[in-house]
Amino acid sequence: MKRVVAVSGDKIEIRGGEVFVNGEKLAEEYLSEPYTDGEVSLEVGVDEFFVMGDNRSVSFDSRRVGTLKGSDIIGKVLLKWYPFDEFQFYKQHGEKK
């Protein structure tokens, strides 16, 4: 499972261990290790997504294989169950809560 970090038209940069999307440093409080290795500078193409895993030091993601086409994405996260004290359902796209 990967996290979508940037979408069509976004400019993504990874430098000095930090991730920037459209010039803004990404707040990634969900990472256990705040350092992101690699150097990236690109604009995400039409119907493309830049994805990264939360365990950055071992994640095989867009830093290594490039962006993904929308047709390559086959699932979505519906709930978070661990850690148990952070259990939550995620809103479906287009769904009103």
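Predicted model: local features only at pLDDT ≥ 70, side-chain atom pairs only at ≥ 80, totals over all residues.
Residues are numbered from 1 along each chain as its sequence is written, and side-chain values use heavy atoms, with hydrogens and water left out. Local features need pLDDT of at least 70, side-chain atom pairs count only at pLDDT 80 or more, and totals for chains, interfaces and linings use all residues.

**The core.** Select Val 5, Ala 6, Ile 12, Ile 14, Val 19, Val 21, Val 40, Val 44, Phe 50 and Met 52, the 10 residues of the largest nonpolar core. Such a core is a set of buried Ala, Val, Leu, Ile, Met, Phe, Trp, Tyr and Cys residues joined through side-chain atoms within 4.5 Å; buried means under 20% relative accessible area, exposed over 50%, and partly exposed in between (1.4 Å probe, protein chains only). Next, colour β1 (3-7), β2 (11-15), β3 (18-21) and β6 (48-52), each of which supplies at least two residues of this core. These strands are DSSP runs (E, at least two residues), numbered from the N terminus.

**Aromatic pairs.** The whole structure holds two aromatic pairs. Rings of Phe, Tyr and Trp (its six-membered ring) pair if their centres lie within 6.5 Å; planes under 30 degrees apart count as stacked, over 60 as edge-to-face and the rest as tilted. Select Trp 81 and Phe 84: this pair is tilted, at 5.6 Å centre to centre with 45 degrees between the planes. Phe 84 is exposed, with a relative accessible area of 59%. Then select Phe 87 and Phe 89, an edge-to-face pair at 5.4 Å centre to centre and 90 degrees between the planes. Phe 87 is partly exposed at 45% relative accessible area, and Phe 89 is exposed at 55%.

Terms used:
Helix = DSSP H or I, 4+ residues; strand = E, 2+ residues; numbered from the N terminus.
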